[in-house]
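Here is a friendly note to read alongside the model. Please keep the viewer open and find each residue as we go.

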Amino acid sequence: MFNARAGTAATLGITTDVLAEKFRTAGLDFDLDADDERPLEERIAKALESTAGVIVAAGGDGTATAIASALIDRDKSLALLPFGTANLLARDLRIPLDVDAAIGALIDMQPHRIDVGEVNGRFFLHKAVIGTFPGIAAVREEMRGDRSLVGKLHFARRSIRRIGRARRIAVEIDLPHSDTRAETRAGKRIERVHSVAIANNAYDEGVGRFFSRGRLDRGTLTLYLLKRLSLGGLVWLSLEMLLGRWRQDEALVIEDVTEAVIRTKRREVEVMIDGEVERMAMPLAFSIRPRALCVLAPAVDHASDDA
């Protein structure tokens, strides 16, 4: 299933005909759906009715999550062609980011079962975020397709302005169960934060590992509370992540959980789910579905790949 408007596809000029030729050259048997005029839900439903055992998400993280959501606990597998801007799941699965290399590797990829996060019935493969950052992501969506220098500078200016104007919000965090391994206490508490992120499995700490996960099957969510936010602090935190020592940053609180309920005073909030922003009603109830999705990835033992 091809999203021709995904970041890398548009930049590289990958059209339906170009992609089809690449699949033929690789010797793959395929049925290419690139009908962007039809709703994605209809295209996914058609793919589910087919006899194909593997559905390929040729797009970004949003496309992958939309297709994966329909494959939860089914006997079809998800494969990725990383045509998006971030391609975070593809990076975690060590799928080549080069288009030809990724297509060539498809035939030898192995099935792996990974965890899936859930919030209010909506699935996510990477993370869900509330607070300051969904607003920045919304600005990015407004400017999607504008890759000019002027557009990039405009996005940077608006993002910096949002960070400068960001205010902390009060959130009630309800953890129904404690995690003795992480010394996480069950119960409710109030926190004042700039952002709350809940990741499907924990991010690794290591040199150059920026929002990277070596394990996708631990069966846990990881709660990240950003207590303070400034432009300088964000730059420093990014540098700490690249240097591999960010988990001790005093602005962060990190806890492993299997369930969490988040409440604010607002009836609805913007939630960034795997890079896509939508409004969701309070409260936000998070849970984990262990090993609920089958994905194809290079022949690496992800299940035993410790962080």
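Helices (H or I, at least four residues) and strands (E, at least two) are DSSP runs, numbered from the N terminus. This is a predicted model, where local features need pLDDT of at least 70 and side-chain atom pairs count only at pLDDT 80 or more, while totals for chains, interfaces and linings use all residues. Residues are numbered from 1 along each chain as its sequence is written, and side-chain values use heavy atoms, with hydrogens and water left out.

1. **The whole chain.** Nine helices and 14 strands make up the secondary structure. Of the 307 residues, 48% count as buried (buried means under 20% relative accessible area, exposed over 50%, partly exposed in between, with a 1.4 Å probe and protein chains only). Among contacts (heavy atoms within 4.5 Å) with a separation of 6 or more, 69% are between residues 24 or more positions apart.

2. **The second largest pocket.** Its space comes to about 610 Å³, and 23 residues line it. A pocket here is an open set of points on a 1 Å grid over the protein atoms alone, where a 1.4 Å probe fits, with protein on both sides within 12 Å along at least five of seven lines; lining residues have an atom within 4 Å of a point. The volume is the space filled by probe spheres set on the points, which are joined across faces, edges and corners. Strand E1 gives the largest share of the lining, four residues. Helix H2 (16-25), helix H3 (40-49) and strand E1 (54-59) each supply at least two. Nearest the centre lie Phe-30, Asp-31, Ala-52, Val-54 and Val-56.

3. **Asp-33.** Look in the loop between H2 and H3 for Asp-33. Is Asp-33 buried or exposed? Asp-33 is buried, because its relative accessible area is 16%. Leaving aside neighbours within four places in sequence, Asp-33 is in contact with Met-1, Phe-2 and Arg-43.

4. **Helix H4.** This helix (residues 61-71) is mostly covered, with nine of its 11 residues buried. Among them are Asp-61, Gly-62, Ile-67 and Leu-71. Just after H4, Asp-73 takes a positive phi of about 60 degrees.

5. The structure holds 15 salt bridges (a side-chain nitrogen of Lys or Arg within 4 Å of a carboxyl oxygen of Asp or Glu). In one of them, Arg-189 pairs with Glu-255, and the closest N and O atoms are 2.3 Å apart. Arg-189 lies in strand E7 (residues 187-193) and Glu-255 in strand E10 (residues 252-257), so this pair ties together parts 66 residues apart in sequence. Glu-191 forms a salt bridge with Lys-227, with the closest N and O atoms 2.5 Å apart. That pair also links distant parts of the chain, as Glu-191 is in strand E7 and Lys-227 is in the loop between strand E9 (221-226) and H9, 36 residues apart. Glu-191 counts as buried at 12% relative accessibility, and Lys-227 as partly exposed at 21%. Salt bridges that share partners join Arg-189, Glu-191, Lys-227 and Glu-255 into one network.

6. Leu-239 is partly exposed, because its relative accessible area is 38%. Leu-237 counts as buried, because its relative accessibility is 14%. Not counting residues up to four places away in sequence, Leu-237 touches Leu-226, Trp-246, Asp-249 and Leu-252.
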